[in-house]
Amino acid sequence: KNINWCGGVAATTSSVRRHKLRARAAKDANMRHPVLGTICVAGLVALTACAEKDGENVERAIQDVNAVDEANLSDVMLTVADPNEGIAYFKRTLKDNPDRIDIQRGLAVSYVRAKRFTEAVPAWKQVIKHKDSTANDRVDLADAQIRAGLWDDAEKTLDSIP
C-alpha cells in the first residue's frame with residue numbers, strides 16, 4: 001500500500017481518495033437547493049400578481065430612477081472618472097438635454113479638470129448665458145480665463161459680478 005502523510009497522520013491512498021470524494025459530494029449537495037429556488041420563483045409570481053397594472057406609475061418610477069442614476073453618473077464623472085471620459089459623457093448628454101445647466105457645468109468643469117482651458121472658456125460662457133446661472137459660474141469662468149492666459153477678460157468677468 002502507498003502511504004501518504006495527510007495532516008501529520010499516515011493514511012493510505014484509498015482512504016485519502018475516499019475523504020476527497022466525500023468532501024466533494026458534501027459540497028455538491030450544499031450547492032443544490034431546488035426547494036429554495038422553487039420558493040423564490042413562487043414568491044416572485046405572487047408579488048407580480050399583487051402589483052398594480054398602472055403603466056403611468058411604472059413610467060414615472062422609471063423616470064425617477066433614471067434621473068437619480070444620471071445624477072450619480074454625473075457626480076462620478078466630475079470626481080473620479082478620467083476628465084476626458086467626463087467630457088465625452090457630458091457632450092453626449094448635452095446633445096439630448098441642451099437646456100440642462102448642470103450638464104453644461106459638468107462639461108465646463110471637465111474641460112478644466114482635463115487642463116483644456118481654451119475649450120473651458122467657451123463652455124463656461126455658455127453656462128453664464130443660461131437663465132439659471134449664478135455668480136459662482138462667473139467666478140468659474142474667470143478662473144478658466146486666467147488659466148487660459150486671458151487676464152483682461154477675467155478681470156472684466158470678475159468686475160461684472162454684482
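**Helix packing and burial in the predicted model**

In helix H4 (residues 83–96), the buried residues (under 20% relative accessible area, with a 1.4 Å probe and protein chains only) are Pro83, Gly86, Ile87, Tyr89, Phe90, Thr93 and Leu94. Helix H4 has 14 residues and reaches 20 Å from its first C-alpha to its last, close to the 20 Å expected at 1.5 Å a residue, the expected span being 1.5 Å times one less than the number of residues. The model is a predicted one, in which local features need pLDDT of at least 70 and side-chain atom pairs count only at pLDDT 80 or more, while totals for chains, interfaces and linings use all residues. Residues are numbered from 1 along each chain as its sequence is written, and side-chain values use heavy atoms, with hydrogens and water left out.

The contact (heavy atoms within 4.5 Å) is made by Arg138, Val139, Leu141, Ala142, Gln145 and Ile146 of H7 and by Trp151, Asp153, Ala154, Thr157 and Leu158 of H8.

Leu141, found in helix H7, is buried, with a relative accessible area of 2%. Beyond residues up to four places away in sequence, Leu141 touches Val121, Trp124, Lys125, Ile128 and Thr157.

The mean pLDDT of the protein chain is 77, pLDDT being the predictor's confidence in each residue, from 0 to 100.

Conventions:
Helices (H or I, at least four residues) and strands (E, at least two) are DSSP runs, numbered from the N terminus. Buried means under 20% relative accessible area, exposed over 50%, partly exposed in between (1.4 Å probe, protein chains only).
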